[in-house]
Every structure is written in C-alpha cells, then in structure tokens.
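Have the viewer open as you read, and follow the residue numbers along.

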Amino acid sequence: MKFKYLLTVVACIVIMTSATEDEFTALERQQISIATPGLFDHSEAFSIDFGGYRKSDYSFPLPVGKAEVKSGNEMEISTKKGDAVKAMFDGVVRLSRHISGHGNVIVVRHNNGLETVYAKNAENLVKVGDKVKAGQTIAIVGGDDGRTFLTFYIMVNGGKVNPEIIVMPKSHKLTRRTLLCKRKGSNVDVSVMGGNEKQNDPNREIAFYPLPGAKVISAYGRRGGRTHSGVDIKTTPNDNILAAFDGEVIMSQKYAAYGNLIKIRHEKGLETWYSHNSKNLVQVGDKVKAGQVIALTGQTGRATTAHLHFELHLNGTRLNPSVLFDHSSNSVKMSVYKSFLKTGKLSRK
C-alpha cells in the first residue's frame, strides 16, 4: 500500500510539473523569437500604459550595470562577475535553456503583452513555467570573450522592439509613456502614443517634464551678482532629456557658455532651451514630439557638473520655468499649459 501511495504521489507531481510546462508548446520552450498565441485574437491593436506602473512593477535587468543599445535593438548591459539578473516585469518563464550563439537564455512572457530576453547568462535560476515577479533574481550574469555582460532585448509577438521607447538606458528608468502595438500583416508596429498618433487623440500626452526623476540644483532668478536665466536640473550624466512639448528644432549646436544647446519652437510663440548636453540627438528642422528624447545630459560649456540648464521663452522674453513646470513633482502644470494653448498668455512671475 505504501508503495502504491508513493507511486500516486510521484505521478501527481509529474502531472503537475507537466501541466505547468505544457502552458507552452515545445516550440515556445525552445525558440527565442516566436509569435505569442492569442495576442491579437480580440483586437488588431493593444496599448501598454507605463504611466500607471508602481515602483514594484518594474526593475532594470542589471540595476548597477552600464547599458548600451547595440544594432538590432539589443541592449548590452556590462557589470561585474556574479551580479544578479532581474526580471523586468511580472510574468511566466517561457524558455530557459542553452542556445547556441546565445549562451544560457531566459525568455519571460509578461501579462502586458511583452516578452523580455536575457542571454549570455552564466547560470539560469528559473525553469519553464515559473512565475516571476519584477525584480526577482532569475539568473547570474555571464558574458563572452572575457567580458561580463548581459544581452537583453524586448519583443512583441516575436519581433524586437527599440528598448529606448520603454526604458532609459542611461538612468535605467522606465519611460512614463503609453505604447500602441498594432498588427500589420505578419509584423507589429509599436509606437508611442503622443509620438506617431494624431494630434487630436484624447489619450495623447502633450507635455513632459524635460528630465524625469531629477532635482533642481539651481533655481531661476538672482544668483550671486547676476541673473540665472533658467533652472539647473540634475540626475546622472548622459541621462535622457525629453522635449517638453511638440515643436520644431530651431537650433542644435555648440553655443558659447551654453555648450551643446537645443532650442525648440512650440505653439503660440513658446520656446524651450536645453543646454550643457553631452550629445544633441536632433537637428535643425526636425519636428519633435512631446516626450521624445532629444539629447543627453552633460557638462559642455560653462558647467561645474553634468546637468540640464533649461530655459523657457515666450515671444522672445525669458520666463521663469516654474510658471509651467512643477519641479518638486517633476511634472507639467497641465491646467496652466492648456489655458496657455487657448489664450497664448502666461504669467511672467
């Protein structure tokens, strides 16, 4: 009887394990890039709103690593040997195995419709069917050719997505945007709502704080014996600088004490200036959308530390950026901005 009971228990364990792994087909458990079954069964498009994500809903795969986007929309994150690889979002492990040319690989399928890929691992710590939480350790970082790094990328329906529309590689932060994923034949078009969508789309974000997650290190106004013409905002060197509003680039060059400077002209005579950049990513004549990455923070020109010097101008007159931006919450005063779009007027205080 004891032997039969033991066999029954073992059988149950095998059945339970098989049931977990059988959530995925044999092909899904072995192949990195594969269409996600059922993703477009009910609609030709779906959206992912990262604006509502809590801190616990997201983790950068290697929080202390240095990230660089390579060709093919892959991100290489360099770090030290033995570092822990984290799951980006909650999800279920779809693949966990060694694949020639990719090393030990993990693919996690997330509830939001994305899949994340973690390759070149020294050791995988999860198996197919495991449910993981954002920030959970799923592998030990590996690498190749004597270097320690993670190869990471994001997929929708088996196709790679530009990671910079979802995460900021320099600061490791999640972008607070809404992605729109539309099926187009066998491909998926992934765009930022507010980037490629129509101007009158009610879901479109029309204004962004230029440096999310930053702090003000020097306010607008009198500073010493002179007037500080803007506000100095600091995060980390080479962080993403965002266009505050839709507009056209009217200057992108080195300019005196400003260093690398970008000027963008917006509606109703409004202009925003972004300076001391380590690198300008847009050129004169470019049409930019609110929230688009236009430059990286730096220390060019007359600057004692890497930061963004940000100015606001209206019809040629310099204004205190605080009339439109709340620096304590890193946000735009939307009621003020929407009123400005109607009247063309702003307080000059």
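## The largest pocket

The largest pocket holds about 500 Å³ of space. A pocket here is an open set of points on a 1 Å grid over the protein atoms alone, where a 1.4 Å probe fits and protein lies on both sides within 12 Å along at least five of seven lines; lining residues have an atom within 4 Å of a point. Points are joined across faces, edges and corners, and the volume is the space filled by probe spheres set on them.

This is a predicted model, where local features need pLDDT of at least 70, side-chain atom pairs count only at pLDDT 80 or more, and totals for chains, interfaces and linings use all residues. Residues are numbered from 1 along each chain as its sequence is written, and side-chain values use heavy atoms, without hydrogens and water.

Of the 25 lining residues, K173, L174, T175, R176 and P212 lie nearest the pocket centre. Strands β15 (173-174) and β32 (331-332) each supply at least two residues of this lining; strands are DSSP E runs of at least two residues, numbered from the N terminus.

## A covered strand

All eight residues of β25 (270-277) are buried, meaning under 20% relative accessible area with a 1.4 Å probe, protein chains only. β25 pairs antiparallel with β24 (260-265) over five bridges, pairing being at least two DSSP bridges. N260 stands opposite N277. Four residues separate β24 and β25 in their hairpin, and K268 in the turn has a positive phi of about 60 degrees.

β25 also pairs antiparallel with β29 (308-314), over six bridges, with Y274 facing its bridge partner F310.

Terms used
Buried means under 20% relative accessible area, exposed over 50%, partly exposed in between (1.4 Å probe, protein chains only).
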